[in-house]
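Colleague: Please put the model up. I'd like to talk through its charged pairs and the chain interface.

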Amino acid sequence: MPTVGIKRDLLFEVLQKTYTDDQFQDLCFDFGLELDEVTSEKEMLSREQGTESDQVKTASEAIIYKIDIPANRYDLLCLEGLARGLLVFLHKMEAPRYRSIPPTEGPRQQLIIKPNTAKVRPHAVAAILRNITFNQDRYSSFIDLQDKLHQNICRKRSLVAIGTHDLDTIQGPFVFDAKPPDEIKFRPLNQQKELTATQQMELYSGDSHLRHYLPIIRDKPVYPVIYDRNGVVLSMPPIINGEHSKITLNTRNVLIECTATDLNKATTVLDQLVSMFSQYCSQPFIVEQVDVVRPDKTSITYPKLAYREEELLVEDVNKKIGIQESPETIAQLLTKMCLKSKVVENGSKLLVEVPPTRADVIHCCDIIEDVAIAYGYNNVQYTMPKTNCIADQFQINHLTDQLRNAVAQAGFTEVLTFALCSRDDIADKLGHNIENTRAVHISNPKTSEFQVARTTLLPGILKTLANNRKMPLPLKLFEISDIVLQDPDKDVGAGNERHLCAVNYNKAPGFEVIQGLLDRTMQMLEVKSCKDDDQGYYIRSSQDDATYFPGRCAEIVARGKVIGKMGVLHPDVIQKFELTLPCAAFEITLEPFL
Amino acid sequence: MAELQEALLHQVQNKDRISTLDLVTLLNNDHQKIVGAIKSIQSYPENVINCTQETTKRWELTEEGETVLKKGSHEAVLYHAVPSGGALQSQIMKDVPNAKIGFSKAMSAGWIEIDKKAEGGPRITKKVDHIEDKVQLCLEQIKAPHLDDIQEKQLADFKKRKLICEVKLNIFHITKGTEFKLKLDKPEADLTPEMISSGSWRTKTFKPFNFDALGVPPTSGHLHPLLKVRSEFRQIFLEMGFTEMPTNNFIESSFWNFDSLFQPQQHPARDAHDTFFISDPATAHEFPMDYLERVKKVHSEGGYGSQGYKYDWKIEEAQKNLLRTHTTAVSARMLYKLAQQKEFRPVKYFSIDRVFRNETLDATHLAEFHQIEGVVADYGLTLGDLMGIIYEFFKKLGIEKLRFKPAYNPYTEPSMEIFSYHEGLKKWVEIGNSGVFRPEMLLPMGLPQDVQVIAWGLSLERPTMIKYGIDNIRDLIGPKVNLQMIYDNPLCRLDKKII
């Protein structure tokens, strides 16, 4: 969920009202936002740098509201959009109508896409903001919004990258091409010299901000680049813009280009940017069009700023929320959410206009949600579903719950250990080879603790013992939980198995203690001790398991199948788990007892 | 002991008040033993005697002092060792114990004299015929103790000679109690089978119990606190008529974990930063293909009234195996299964099981935690129904003050975060998430158009940590748990104010 920092006083000025923090929090809550923190630039900086730094001493103390915005509401990611949304919600203004128009004189500017871009970043869209007036706050907000969009919908510039340029420094038509890195040379933003793309990639590998974007194009044969008619480089997306066309506080005409691997998202991003900042144009909310000429010579005009109509049954809206409101009221509620609506077909239907800013609305259910938000979730009457069902427990969980109680009644203490662990935990430390464990391996563990899913409960319990060596003896622990094994018969190639593992840790190993618990468990499961019968259980000496001390290991056979092992742990195992005393253990699968 | 007690009581009988020091003389016994006898008389249930304590100092003979008392002072011993005709000094010094002190003291007392020029070496002879061993006499008096005649100077001298030392003494003054008697019955420690059968318990007295002591802890096993809370939540769902879902599959395909839930393939949750992907077995190999095609279509082109996400949906992404990030993956499988039945029948499902996130870890976040989830599928369910059932659910946890906040979730619309008022913190805290599953998720499965599915979820760890006041999740789950915490953990009674 993105968080935006907004200057409180600026926001209140636009909202034409001063709120206390609590009042503003309540307003946010009803609108589906969260006032996360009340802070200031000074406070934020001093948290990073300490109170002594010069930068902190001169920093502004103006109050900043940090507000959590739902991940799909790109229209609320800047002061302009947030204030607009709240003003409409509070009935203080009508949602503006965003329009894109051709230039007043001459043909549209062109952005020509060359075929080579298909190899790296095939899409581009563009638009122009004419006669815009920036000041410091507006300018900062414009930069911040681009950053927020880059981080969220643009997926860290991988899907879409935004470039903004002072149109008066460059001349169209513009060309979006892709070239080998050494053939691209220009003076990048905030640098003194011209550098080739290769040199820039080298330079930015040490840049805390830009280095994250380098992998998007690094290994491509060609890099995306946008030129003007005179060969001036506008930008090398998604990395950096050129210094030449940089926008300043004095910039009056802005060219916005978005290059992308996802055209739909690029269109949305462009629509968001221009609808937010066309507010500061001499003709507010009017945007100048640009023609994008594709490699196949077809031309499309941007920004689309498309309004879409959705038709809803009034009855549907009421039924899905659980309210009884008139079509007119519902239409008013939707208008409050920037979704202009009118009642049609004798009041049975609503015609809702979805503006380009509300890219999150992709289905009628999104509109119904907005009705509910505008109505107020907390004004909806609680009702009970009439759904009548007979409940069932999941069999293995039912058995587990009963058995946990029985084992605890037998004097053992239940522990809860992690399902993920290191390869060593399930292999080396137990004297096994990882190849023979049927373990499921994780491809992207951040630490060795998350290399595999456990194939046995024993290591987790032994680690619990190691952390509790100071407790009075004996320590008798157990766990009933799932382990994971590769299983080609399952659709995902792996499955869980419910295990019971118990250990006795004392001055003497206590094989008989562990065996006693096994006997008790079998008694609870109504399996008799009997060697000859297919229905009984018995243990038999087992030779080849390095986890256990030679001659002190047995296989547990129940109903004719080996269900697990028991024995005195091998001294090497005890030491590898940082234990000092003898220990006996058993581990069985519970699957056959369902 | 019993004899001493009786003798003592006889002494007390005749006096209004008597001290333990007096009793030492009267009973001719050691002070310590007399005090012991008093304590045991006091341990009887009756008020036989009353005592007041007084702390005094007194002189006691050292080991050397005791020897002097028995055998005489070193100087007297030396004097008596000298035969009438005298003896060689060297001989005397060799034969007599403590001769060095004895010689110098006897010399200064004028009891003996020495002839240094005698033939064969210096000779000692008696100077007087008769001596009085004042040191021995004084020590006798100190021991008695009758200090009246002893001078301070003498005490200081004896102390210097290490014949006596000063000790603190607790003495007791005894008076008769309200139930004074001369004979005491020995109290019984406990009731025995014989006493019951013979009825002798009727006439016996019993030692009083110490009700302040703790009992003997029973040897017992213990259940883990988090799993005790899990049992309670299971119980609540069962009471509400919810059937448990089979969540015993930690490994899931991206298809069921994300795609089937209408979560687009570029969604940040599908990043390696947030999700554990599996390298072996890396992919799932079996999908209901016709359903998969419908999922692909709704993502890339829309349908069922939806615009879709308009992107190039790839089966390779859907095949990627992972550790499930939520149990909703299982809910999706269950709802798909439900849609395959000939006739739709309403269901209520729940699950409580592990989920995995490859997130940054801190005091309240682990890479794995338990998710609690409730799902209802029926015709015509409303948002009000969802809020109503959530209200009933939390009421069973003792939480009745709820508030719902609009939220965003890719697979539910409307979506609501659940807040409850925390009386301790005096603020609203988030306790869960909820929503109505999107048509883009349900309709491709084949569920009827007018069936709504409502769901809510929360973590098991958070309410447990709040309930038991645990700040660090590692104190609750995993190998670093303190077993004493498990041993001491009370019953899980969720209705007794969980938050």
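Modeller: Start at E311(A). E311(A) is partly exposed, with a relative accessible area of 41%. Cut-offs: buried is under 20%, exposed is over 50%, partly exposed lies in between, using a 1.4 Å probe and protein chains only.

Colleague: What are the ground rules here?

Modeller: This is a predicted model, so local features need pLDDT of at least 70 and side-chain atom pairs 80 or more, while totals for chains, interfaces and linings use all residues. Residues count from 1 along each chain as written, chains are lettered from A and ligands numbered from 1 in written order, and side-chain values use heavy atoms, without hydrogens or water.

Colleague: Which side chain meets E311(A) in a salt bridge?

Modeller: K349(A), at 3.2 Å, N to O. A salt bridge here is a Lys or Arg side-chain nitrogen within 4 Å of an Asp or Glu carboxyl oxygen. The pair links distant parts of the chain, 38 residues apart: K349(A) sits in strand β20, E311(A) in strand β18. Strands (E, at least two residues) and helices (H or I, at least four) are DSSP runs, numbered from the N terminus.

Colleague: Is K349(A) buried or exposed?

Modeller: Buried, at 19% relative accessible area.

Colleague: Switching to the interface. How many residues of chain B are in contact with chain A?

Modeller: 109, against 94 residues of chain A. Contact means heavy atoms within 4.5 Å.

Colleague: And what area is buried between chain B and chain A?

Modeller: About 8,300 Å², with carbon and sulfur atoms giving 57%. That is accessible area (1.4 Å probe) lost on putting the two parts together, summed over both.

Colleague: How many salt bridges are there between chain B and chain A?

Modeller: Seven. Over all chains the structure holds 46. D271(B) with R155(A) is a salt bridge at 2.9 Å, N to O. That pair crosses between chains, loop to loop. D271(B) is partly exposed at 22%, whereas R155(A) counts as buried at 12%.

Colleague: What does R438(B) do?

Modeller: R438(B) meets D366(A) in a salt bridge at 2.8 Å, N to O. R438(B) also forms a salt bridge with E413(B), closest N and O 3.5 Å apart. Within chain B, that pair spans 25 residues, from a loop to strand β14. Both R438(B) and E413(B) are buried.

Colleague: Which residues are linked in a network of salt bridges?

Modeller: D401(A), R404(A), E414(A), R234(B) and E244(B).
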